[in-house]
Amino acid sequence: MTTAPAVPTTHAAQPRRGWYRRNEIAITPWLFLAPGILFFAAYVIIPIFQSFQVSFYAWDGLGDLADTGTFIGMGNYRELAGDRNFEISFWNNIKWLVLYLLAIPMGLFIALFLNQTVTGIRLYKSLFFFPFVISQVVVGLVFSWFYLPSEGLLNTVIGLVGLGPINILGDPTYATYGIIAAGLWPQTAYCMILYLTGLNAVDPEQIEAARLDGAKGWKMLWYIIIPQLKPATFIAFVVTIIGALRSFDLISIMTNGGPFGQTRVLSFYMYEKALAEFGFRMGYGASIAVVLFMIMLIFIAYFLWSMWRDERAAR
Amino acid sequence: MRSILTALAASTIMTGAAFADAHALSGDMRIVSDMSNPAPRAVMEGLVADFGEMHPDLNIELEIVDRDGWKGQIRNALSSNPPDVINWYAANRMMPFVNAGLFEDVSDLWDEIEGLDSVKGALTIDDKQWGVPYTYYNWGLYYREDIFAELGIEEPETFEQEMANCQVILDSGRKCYAIGTKFLWTAGGWFDYMNMRTNGFDFHMELARGEVEWTDDRVRETFANWRKLIDMGAYIDDHQNYSWQEALPFVANGEATHYLIGNFAVAPMRDAGLTDEQIDFYQFPAINPDVEMGEDAPIDTFHIPAGAENKDAAREFLKFVTGADVQTAINGPEVKDGDTVTKPGLGQLPVNAASAVEDDEFLNQGFEMLTENATGGIAQFFDRDFPAEMAAAGMEGLQEFMVFPDNLDDILQRLEQTRQRVYAE
């Protein structure tokens, strides 16, 4: 059949490989990723686009969107622009995002304080970590009892120094700050754990070198320790931002959005408009969700960019 | 003793009836009930047990969910894997589900059941009936009789007397009205009465149907009357922090004397240690002598989801709970021997005209008030008469008014904006 070559072929001995074998290196990672991608698409990516779609409709959420929904274009967004409750929720979200970041420095200082070897330090560390272990619902209940206007511990304590009584959760000016303070308790513990792990990785030689150069106290902290804690700070920042945006459960337990809607955040307002007892406005709820998504997108973009930058630097 | 006997008699009649029309029901039946407070819970469990005895081949699964939680869960329950029987409320509250085709048309049952004609309207939408009532209850001012006696004051008939009483109560270092507005609806009850007494039942319904502006002077007059009480300091402080249950101890401890609430509050008051000599009840006094007295008397209902699987059994259950004897038995007062409940009861009023109202101080008074002294008309309740979105915005505004009465103008403007949008759709 073939003209016999003078030189024997080099790969004649090898059996013919299958398509998968030939593309193994390229295919395998995707196979492993497939279940994750599939579920992520079904439960996260596709619903995001569906929310965008629903936000252009007036729809009560009962029955099928195509049958019972009416397309109203930007109508929901126009209404949002003049909705005072939306405005209040939006600014509350901003307050949460800014004040929740206090968890990072507080966590750092508790971590520095606990980063020493004395008898029973493990016990102290676990006590500080305790609030993060218990459920947010329990944290919310504990704090709402703590804040109770007549019997609460807070008013008893400030009563001793002649202040109060103050009804934190019943007063629209303080209620949101009261809930944020409750949320900071477990969040600080979380940041503390991240920094404790980070402190273990601080290079002792650098500290020694800095000490020889005469650095101590704040200078040591600022120029030697904190730069080495950068990975921990980044993770703490990520989890704190996520925590601030997930504030739903604390609000639901402590004030139920009240008094008269002054402690709502966007996610809670969306829930009330679209899903709760009197909420039959799926389209309006979806438009709130889209706005919330846009806010999150700022942070998501920043996180992705900074991870991409780190990865490139590592190569 | 007498109640136990009637209970026994009632249950014998029930079993008797069971043999008469025992269709062979079989398969599974799933009931989701929102009767989660202790007394109603016992009633619901009793109902299911009795019905199960009548139909031994039927496997009944009863799931009791938190009453306030159910209000948010019902829509999911109706659309995915719906149960066979659920609890809900009459009038406007069932409208969205009826419109979306999620409730079963049970008009056929209404042809068979007798004695429910008086409430047929509240369960009718588009000339069809979408559920059956099992109980209703009066609202009114429940008060501490013993404190009234101690202060030498009596049940008032006019608003002036009410305020004069309240001044005496305030001077004795107590508050007049306990209320917990954390979940908002309790403030709706106060508005219902203030508005019905100031402008009459018909005006109240016009407002509910969106035919009157919230900025109308008559509405302002209602708020002006209400404000008189708020300015006196008649309400307990910090009510925005409490649920209605959390505000009960104020009455039980004698820190507040009144509670404007439905008759369902009597059972927990008794549980809190108050005897019938200590609590009593009167109709909300007249404010404007020219208007007839209107009353709130909400109806609670059973429905069959359109997607139910065992509709035969569900229909049979709905017929069972509306029967005159069953209604008599479940609506009676709860009877207790120490801490053990010997006869569960809702302590409310039966809807079936052929049922008897059991002999109980509060049920008798409430029934008399509704049949003889509510000539203006009977309303369902703020959150059932007003469309969902108007009710939500309205109750939030009412709570704000109770805490900051000075914000009234702003609140009314907002409610008017909401009204214009909600009713235009």
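The following legends describe close-up views of a predicted model.

**View 1. The two domains of chain B and the contact between them.** Chain B is divided into domain 1, covering 2-136 + 299-355, and domain 2, covering 139-296 + 369-424. A distance of 29 Å separates the C-alpha centres of domain 1 of chain B and domain 2 of chain B. To the contact, domain 1 of chain B contributes 13 residues and domain 2 of chain B contributes 11 residues. On the side of domain 1 of chain B that touches domain 2 of chain B, seven residues are nonpolar, three are polar and three are charged.

**View 2. The largest nonpolar core, with Tyr177(B) among its members.** This core holds 121 residues, of which Tyr177(B), Ala178(B) and Leu318(B) touch the most other members. Helix α17 (residues 388-403) of chain B provides the largest share of the core, 10 residues. Domain 1 and domain 2 of chain B each give at least three residues to this core. Leaving aside residues up to four places away in sequence, Tyr177(B) touches Ala234(B), Tyr235(B), Ile236(B), Ala256(B), His258(B) and Leu260(B). Another core, of 51 residues, lies apart from the one shown; among its members are Tyr57(A), Trp59(A), Ala111(A) and Met254(A).

**View 3. Strand β1 of chain B and its pairing partners.** Strand β1 (residues 27-33) of chain B is largely enclosed by the rest of the structure, because five of its seven residues are buried. Seven bridges join β1(B) in the parallel sense to strand β2 (residues 58-64) of chain B. Within this pairing, Met29(B) has Ile60(B) of β2(B) as its bridge partner. Helix α2 (residues 38-54) of chain B forms a right-handed β-α-β unit together with β1(B) and β2(B). β1(B) also pairs in the parallel sense with strand β3 (residues 85-89) of chain B, over two bridges. Here Ile31(B) is placed opposite Val85(B) of β3(B). In a regular strand, side chains alternate between the two faces of the sheet.

**View 4. The contact between chain B and chain A.** In this contact, 22 residues of chain B meet 19 residues of chain A. Helices α3 (67-79), α4 (95-99) and α17 of chain B each supply at least two residues of the side of chain B that touches chain A. The largest share of that side, eight residues, is provided by α17(B). By class, the side of chain B that touches chain A comprises nine nonpolar, five polar and eight charged residues.

View 5. Most residues other than glycine have a negative phi. Asp127(B) occupies the loop between β4 (124-125) and β5 (128-129) of chain B. Asp127(B) counts as exposed because 6 other C-beta atoms lie within 10 Å, the limit for an exposed residue being 12 or fewer. Phe381(B) is found in the loop between β15 (377-379) and α16 (382-385) of chain B. Phe381(B) counts as buried because 23 other C-beta atoms lie within 10 Å, where a buried residue needs 20 or more.

Note on methods: Residues numbered from 1 in each chain as written. Chains lettered and ligands numbered in written order. Predicted model: local features only at pLDDT ≥ 70, side-chain atom pairs only at ≥ 80, totals over all residues. Core = buried A, V, L, I, M, F, W, Y, C linked by C-beta atoms within 7 Å. Helix = DSSP H or I, 4+ residues; strand = E, 2+ residues; numbered from the N terminus. Domains from an automatic or database assignment. Contact = placed C-beta atoms within 7 Å. Pairing = 2+ DSSP bridges. Right-handed = clockwise from strand over helix to strand, strands pointing away. Nonpolar A, V, L, I, M, F, W, Y, C, P; charged D, E, K, R; others polar.
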